[in-house]
Structures are given as structure tokens and as C-alpha cells.
Amino acid sequence: DFVPLEVSFGDGYAQRVRRPVAAQKRTFQIRAERRPASTIADMVAFLDALAGVDGFDFVPVDTGLPVRVRCKSYSVTYSGHTYADLSAEFETLREWP
């Protein structure tokens, strides 16, 4: 979705301008499958510490360039005590200087 800066005047009139940086949010669906349960536990601890608020750098495969994201949600599925899968949704952040 495009996310312009918008001011509404209450009478139905609104003005919009482009944001100065990437005006389009991007989401990433990631999946870590059949990893050692201890590795998934470390990933979960990292995501829990950020609490969906603080961002971190993520490198998408398609561009190879780091972007700042937050984790919107995640889920873990365990296969016994040895292995687990993690699915997560990351969303790009806008960081202003």
C-alpha cells in the first residue's frame, strides 16, 4: 500500500503529498523449516525482545540489500523435541533522521 502524508480538514477536503522516502510498505513472509529447536528458540527470543516495535536489519533474497523491518507476527511448530519450524511476517519500517 502507498502511504502518503495526509491532512484532513473535516469538511471532506484532504491534501496528500508523497513521503520523502519509499512511499510503499513492503512485507516479507519468511519460513525457517526443520531447524534445531534450540536455533528456533534463539530466533523467538530475539523477536520477543523486539516485541514487534523495534526494528532490525533484514536482507531480502531478491535485492540482497538490507532493509529495516519489524516482525508483525510469528508462529512456531515443533516436531518432537529436536526440530521446529518458524513462520513470520516482517514489515518495512520508515525511519526518519
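Is Phe46 buried, partly exposed or exposed, and what is its relative accessible area? Phe46 is partly exposed, with a relative accessible area of 43%; buried means under 20%, exposed means over 50%, and partly exposed lies in between (1.4 Å probe, protein chains only).

## Basis of the report

The structure is a predicted model, in which local features need pLDDT of at least 70, side-chain atom pairs count only at pLDDT 80 or more, and totals for chains, interfaces and linings use all residues. Residues are numbered from 1 along each chain as its sequence is written, and side-chain values use heavy atoms, with hydrogens and water left out.

## Overall architecture

The protein chain contains one helix and six strands, arranged from the N terminus as β-β-β-α-β-β-β. These elements are DSSP runs numbered from the N terminus: helices are H or I with at least four residues, and strands are E with at least two.

Of the 97 residues, 23% count as buried. Among contacts (heavy atoms within 4.5 Å) with a separation of 6 or more, 50% come from residues 24 or more positions apart.

## The aromatic rings

Rings of Phe, Tyr and Trp (its six-membered ring) pair if their centres lie within 6.5 Å; planes under 30 degrees apart count as stacked, over 60 as edge-to-face and the rest as tilted. By this rule there are five aromatic pairs. One of them joins Phe46 and Phe56 edge-to-face, at 5.3 Å centre to centre with 80 degrees between the planes. This pair links distant parts of the chain, since Phe46 belongs to helix H1 (residues 37–50) and Phe56 to strand E4 (residues 56–58), ten residues apart. Phe56 is buried, with a relative accessible area of 10%.

The pair of Phe58 and Phe90 is edge-to-face because the ring centres are 5.2 Å apart and the planes stand at 85 degrees. Phe58 lies in strand E4 and Phe90 in strand E6 (residues 83–92), 32 residues apart. Both Phe58 and Phe90 are buried. Ring pairs link Phe28, Phe46, Phe56, Phe58 and Phe90 into a cluster.

## A charge over a ring

Arg34 lies over the face of Tyr83, at 4.1 Å from the ring centre. For such an arrangement, NZ of Lys or CZ of Arg must be within 6 Å of the ring centre and within 35 degrees of the ring normal.

## Tyr13 in its loop

Tyr13 is found in the loop between strand E1 (5–8) and strand E2 (14–17). With 44% relative accessibility, Tyr13 counts as partly exposed.
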